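Follow the charged side chains through this fold.

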Amino acid sequence: MADISSASARGAPLTIVRVQVWKVRIPYLAPMQSSRGRLEVGDKVLLRLSARDGTVGLGEASIIFPARDGESADSVFRRLAEVSGPLLLGQDGSRIVALLQMLAGLSSERHAFPTSLCAVDLALHDLKARHLGIAVADLLGGATRERFPLSRSMAMPDERTAVQSACALVERGYRLLTLKGSADWRHDIRMARAVQRAVGDQARLEIDPNQAWQCKAALAVDAALRECALECIEQPCAWWDIEAMQLITERAHAPIAADESVLSPADAMRVVRARAADIITVKLAKSGGLRASAAIVEIAAAGGLQCNLGSKHTFGVGSAALLHFAAAHPAVGEFVGYGSARERFAGDIINETIDISDGQARLPPGPGFGVTLDEAAVARFALASADLAPGQ
């Protein structure tokens, strides 16, 4: 690590001189419901790095329900404010790989604290791209597209609600609906059939029980919904049950996607080797950001698996990052699982409005991620904050 510090000592142009962290909470427009539970608010953590030359970089850590990595919004805030933030002060922010390696090296577990690392990864990429005057997508190799058809997840508490929700989303231009399954797989079959009858060929369907099913239940759902031509069944059983995922993948008609089973590139390699999925669901927030997610995409491609792109219901910074990643990585597929916090939440924390029309999102223009923090909104929604500078 001596070379990182020496670069800063030589007066590197991107020397980080200020680290700001906020834990923010925004209410959902309607409660978020899945087999994991019900949420009425979204808690995220924002990170802003400021360099000596005035350049800033924004990052975000997004959590819906705590995952198997054990991180929560509270623990992410503390780690960024008390561990990662102080170590970033005085460092050359352009040395993204070295800094991420330094932070990853703080744990004996190579892929520990991925949600916290995501915020740092995003902020460093945004910082460097803004310093160079280019978009993050260009920093990643160049944008291959600027518009993204969006998928949309929806709960299925009862037939009337499910049908109304699906028809409203189709009316707004969504052409892929992710139906949130439950432990009651027979109920899920009835709901999916009702939605399919209502939307016809106007939208494609996939179903995501978030690990709620056993192996035989997953195969029963697959058989019962064969006429629906599902785009995929996402994470039907427990993340750790690779043998069950392998069996379902081998026998099911619908493609099987691994989501919670893949947090890290090592997880992706395990799934590829076991042929335990047809698709890997990539989410920047669960895997440590842009670099680790890119590695997962490459592993999937090398192993003959497809990828799709989800979000974990990010606010504005994370949403912009998602679109820049999708622009630079066409292997993640046609649809993006999210476009803007305004789709889900009663507000946002950026000044810009991500352009969404007819079920498609447009890549935010401008350097970096193309978004800036709305200071008033951050102050309004913040539950906690930390402001670090040298000498504190």
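Start with exposure: a residue is buried under 20% relative accessible area, exposed over 50%, and partly exposed in between (1.4 Å probe, protein chains only). By that scale R25 is partly exposed, at 35%. This is a predicted model, where local features need pLDDT of at least 70, side-chain atom pairs count only at pLDDT 80 or more, and totals for chains, interfaces and linings use all residues. Numbering runs from 1 along each chain as its sequence is written, and side-chain values use heavy atoms, with hydrogens and water left out.

Side chains of opposite charge can pair when their charged atoms come close. The criterion for a salt bridge is a side-chain nitrogen of Lys or Arg within 4 Å of a carboxyl oxygen of Asp or Glu. The whole structure holds 16 of them.

Take R25 again. Its salt-bridge partner is D43, with the closest N and O atoms 2.7 Å apart. R25 sits in strand β1 (residues 16–34) and D43 in strand β2 (residues 37–51), 18 residues apart. Strands (E, at least two residues) and helices (H or I, at least four) are DSSP runs, numbered from the N terminus. D43 is buried, at 17% relative accessibility.

Now move to the helices. R197 and E159 form a salt bridge at 3.9 Å, N to O. R197 belongs to helix α7 (residues 185–199) and E159 to helix α6 (residues 159–171), so the pair ties together parts 38 residues apart in sequence. R197 is exposed, at 59%. E159 is partly exposed, at 40%.

K180 and D208 also form a salt bridge, at 2.8 Å, N to O. Both residues are buried.

Finally, a network of salt bridges links R68, D267 and R270.
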